[in-house]
Amino acid sequence: MKTFRLVFSRIRSSTLFIVSAVALAGQPSPATPSLCDADITRRYLERRETIITSAIATLDAADTAKGSYLDVAAALQRGDRRAAALARLALLNAPTPNGNMFWMYPMAAVVTAGREGLDAASWARIQELWKTYWPSRGDTENHWAIYYASLYVVAQAFAGAGPEQWFNGQSSTENMAESRAYLEHWMRVTTTVGQGEYDSPGYIGEYVVPLSLLAGWAEDAAFRQKACMMLDYIFYDYAIEQLNGQYAGAHSRVYPRQVLQPAQVAASSFGWLLFGLGERQPRGQALLLTLSGYTPPPILERIARAAARPYVNRELKRTRWRMRHAGPDAITVGDRRTVPVYKYSYVDRDFVLGSSQGGLLQPIQQQTWNLRWHVDQPLDASNTFFAVQPYSSPYEGTMFFGADWDTVTELIARSKADYDSPDKLASGSPHEQVFQHGPALIGLYDLPPDTRFPHIITLFSRDLRQVTEDASGWIFAQGGPVYIAYRPLAAGTWKPNDWTGHLAGGAGGFISAGFKEWGVGHRCYVSGAQHNGYVVQVAPVRDFTSYAKFQDAVRALPLQFSTSPMAAVTFTALDGSVLHARYGATPTVNTKPVDYAAWPLFASPSGWAERGSQQLELRHGAERYRLDFEHNVITHAIAQP
Amino acid sequence: MNLRLLASLFTFVLPAGASTPAQFYAAVAMTKAQKNSSTPTDSGLYRREADGTWVHFGPRILGIGSLAAHPADSAVLLIPSADGVVRSADGGHTWRKTTGWNVLDVRSIAFDPLNPTQVYAATQWGPIRSADAGATWQPAQSGLAQLYTQTIVADRTQSGRALLGTEDGIYVTTDAARSWTRVASSPPTTVLRLAQSAVDPRLWLAGTQHRGAWLSHDGGRSWTPTDLGSAAANLYAASLNPHDANQLAVGGWGAGVRVSTDRGATWQDRSAGLPVKHVFVLAFDPDTQGRLWASTFEEGTFYSDDLGRTWRDGGLYGAYGSDFIFVPTVLR
């Protein structure tokens, strides 16, 4: 075995190893491009160049109303359209800032990437703003990562600045120390216990931003290295659950539009940039990544494109920190309390069915499970199938937020208007329990009579074909290359997606604008039984000679269920596994209880991470790429035949 | 006993011979106009000027819960905020965050009146303490069953003693927050607001979540429910008149303003005239005897000079109040 250790190398774009992917993983399919290191890197650099060039092109000296801070940073970094960039920057910096950490990171990009191109007046204004505007740290994990990474690199740029030159009265040295302490803590918790704001197709961008700032511009080589490794980590986390660039599986946070058009998220922009998958979308976070100089290790594209499918991917995450009502399942990390999130995804080349265990895992925007199927052009597709128990309460709000019992729901709904809506499509629920094995899934519910919205919703998107209510009780459908069988335990009724009109009214805030384009034509199956649930069995179309054969096969599967006193299901899946779930009890597969206690941080044919290890090993064929966060070392090894 | 120390913030007691009125501040978030946003349109401290207008004071930071001034030097100010504790040593001209990354969501803060180098703060992730007047901070969680806290009051009669409102009721320290002990007869719920009488320091009042108002007549050592009329309410506000130990007030969500004039034996609803019965802050004015201030949820601040029988507009429309603070001018 040949082994390479990378210590404190800034970016792994150097040609320490030129790998023949064919030798590693067999012959790629005809549709798969060459997966050797050189070709992967060349294609990535070409896409990177496209993004940077188009960003700079938005700047126009004759029209200074165009262009973002990040466009300015790109132009200044390249020394291209400098006059236009400086003029635009002066305009952007004229008013009193707002936006807190979302002001900080584009400014930090200008200060770092664009530093060589700044003139004295711009630099003076920038320093003045960091002295006079107090950006708040926010209250979510991504807020803090952005806040502290931005503060770190700007403090680094303002080397030697005293307390009087900073908004918070701390010197540059103090700001850097505090920032690094938090960021190291976050990395340690993420690589031992799991990420809290996990696997969000939108908010992944809010983690790429701070890590890009550090990977690109942290002057401390060790810290820069660790940030690069965290980018590798985050991108593996995405690559292993993506489908043609779409982030699949259970999500901590999704917005209403992203629920229905799953490709219209930041993650898809990374799919295109990193791996050439999906369709290109202009996103600022991807632009910042390109400016950082980060180059993904080629093994990531090999995993994203050529991992042998189907496979099962398991991941351990955690809930957002719980300040109140932590519950009996809570674990303590330092002095913070959280609950483990057990993710399970079945990743096929044509679809991904992914889930978490249910419960209150994240406030506001949780998607407990979903099915996503392959489409060639995903941008406007609604290739999604899922169920949700819409839940809102001050109990949940005060579990995660420092607001008062009587106002927390209303205040949440002022920015996430769907939070308190009966027809919302993303929600955690304390009354939900989900269990998945392979391409089969069981959802169970125990709804108290006084819960705010006593029903469950299953979304049948407009992209489904051949939706059939069968006399057997199964509802069959086809989503592109996947057949779906859905068996409700209690009857429901069909309603349009905007069945209360709330979502159609713009619920979800600014990110949900344009409901008519993305929200019309879907149907919801709404069931209001107190003890309720469903069974889902999916299968690739290629496994059956016809839709009818799939239906015949599902009808023949043994299924027993009851809804009294609690929902319970025993189901023999298409692969012959006997699945048993009873609300409130540990589910079993072939009578063996699911071992949640042994759930690793990552487990798939392409990656492995033990709980608490601070390590992640990526695998492709004979290739091994190990990220060791404890020792800040990357080890790359290729087994010799 | 040092009379200046007795004039500390939150005591509402003016020392003999004092002639300078206290500065009146409100800690608020402007949430009324907050649309499609998770952040208020403005937030922080507002100081009431002599002409009745409110002027923003100090840094604009999210989640400012209160303000505390050093009892012997009112130029030393501490702000509890979502970002941590922010300190000024020059009367608010400059500010410095004195907590690290791991301190957040600070809701309440109190100098020890008899030893003001000791400062205690309640955060929603556990209390913290300072032994150098807020310049540096340490965790102070020993003995707590639950870490959520949002109200803390330092006992003005005993140095090192403070009462803390937690998710698990009331806890007491007698060693300057190095350890905490649960008060046996504490309300069995989250305690939202604690207050100590300036006239009779044995008299304490608590507002709680879902359990209404509780009263202690023995310095916080034993507690009993009071005011059956709000027994199940969420009471966010509690105040005791610094000029008359008989007069108490509590306020909350749906409960409006409730007043007692007999040390808690009986209570009356005094919400008539307020635009809404959702009250988050109450304070008796230390400079105007008998005046009671009330902060409603987003519908403005009001004051009454007849114990709530009538109310007058006090400004700050749209505000979601966290605290009223009267800061006597005390120069070292």
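**Figure 1. The hairpin of β15 and β16 in chain A of this predicted model.** Two residues lie between β15(A) and β16(A) in this hairpin, and Gly480(A) in the turn has a positive phi of about 55°. Strands here are DSSP runs of E with at least two residues, helices are runs of H or I with at least four, and both are numbered from the N terminus. β15 (residues 475-479) runs antiparallel to β16(A), joined to it by five bridges; two strands pair if DSSP finds at least two bridges between them. Ala477(A) stands opposite Ile484(A) in β16(A). Residues are numbered from 1 along each chain as its sequence is written, and chains are lettered from A and ligands numbered from 1 in the order in which they are written. Because the model is predicted, local features need pLDDT of at least 70 and side-chain atom pairs count only at pLDDT 80 or more, while totals for chains, interfaces and linings use all residues.

Figure 2. A residue is buried if 20 or more other C-beta atoms lie within 10 Å of its own, exposed if 12 or fewer, and partly exposed in between, with C-beta atoms placed from the backbone. Val482(A), Ile484(A), Tyr486(A) and Pro488(A) point one way from β16(A), and Tyr483(A), Ala485(A) and Arg487(A) point the other way. Seven bridges link β16(A) to β19 (residues 531-540) of chain A, and these strands run antiparallel. Val535(A) in β19(A) is the bridge partner of Arg487(A).

**Figure 3. The largest nonpolar core.** This core has 180 residues, and Ile484(A) and Tyr148(A) are among those with the most contacts inside it. A nonpolar core is a set of buried Ala, Val, Leu, Ile, Met, Phe, Trp, Tyr and Cys residues joined through C-beta atoms within 7 Å. Leaving aside residues up to four places away in sequence, Tyr148(A) touches Ser179(A), Tyr182(A), Leu183(A) and Trp101(B); contact requires C-beta atoms, placed from the backbone, within 7 Å. A second, separate core of 101 residues includes Ala82(B), Ile109(B), Ala154(B) and Leu205(B).

**Figure 4. The loop around Pro328 of chain A.** Pro328(A) sits between β4 (311-318) and β5 (331-333) of chain A. Is Pro328(A) buried or exposed? Pro328(A) is exposed, because it has 5 other C-beta atoms within 10 Å. Its C-alpha atom is separated by 9.1 Å from that of Val339(A), eleven residues apart along the chain.

**Figure 5. The hairpin of β2 and β3 in chain B.** Strand β2 (residues 42-48) and strand β3 (residues 54-57) of chain B run antiparallel, joined by four bridges. Arg47(B) has Val55(B) in β3(B) as its bridge partner. Five residues lie between the strands, and Gly52(B) takes a positive phi near 90°.

**Figure 6. An open sheet in chain B.** Four strands, in the order β20-β21-β22-β23, form this sheet with antiparallel pairing. β20 (235-240) and β23 (268-269) stand at the edges with a single partner strand each, so one side of each is left without a neighbour in the sheet. β20(B) is joined by five bridges to β21 (residues 248-252) of chain B. Ser239(B) stands opposite Ala249(B) in β21(B).

Definitions and conventions. Contact = placed C-beta atoms within 7 Å.
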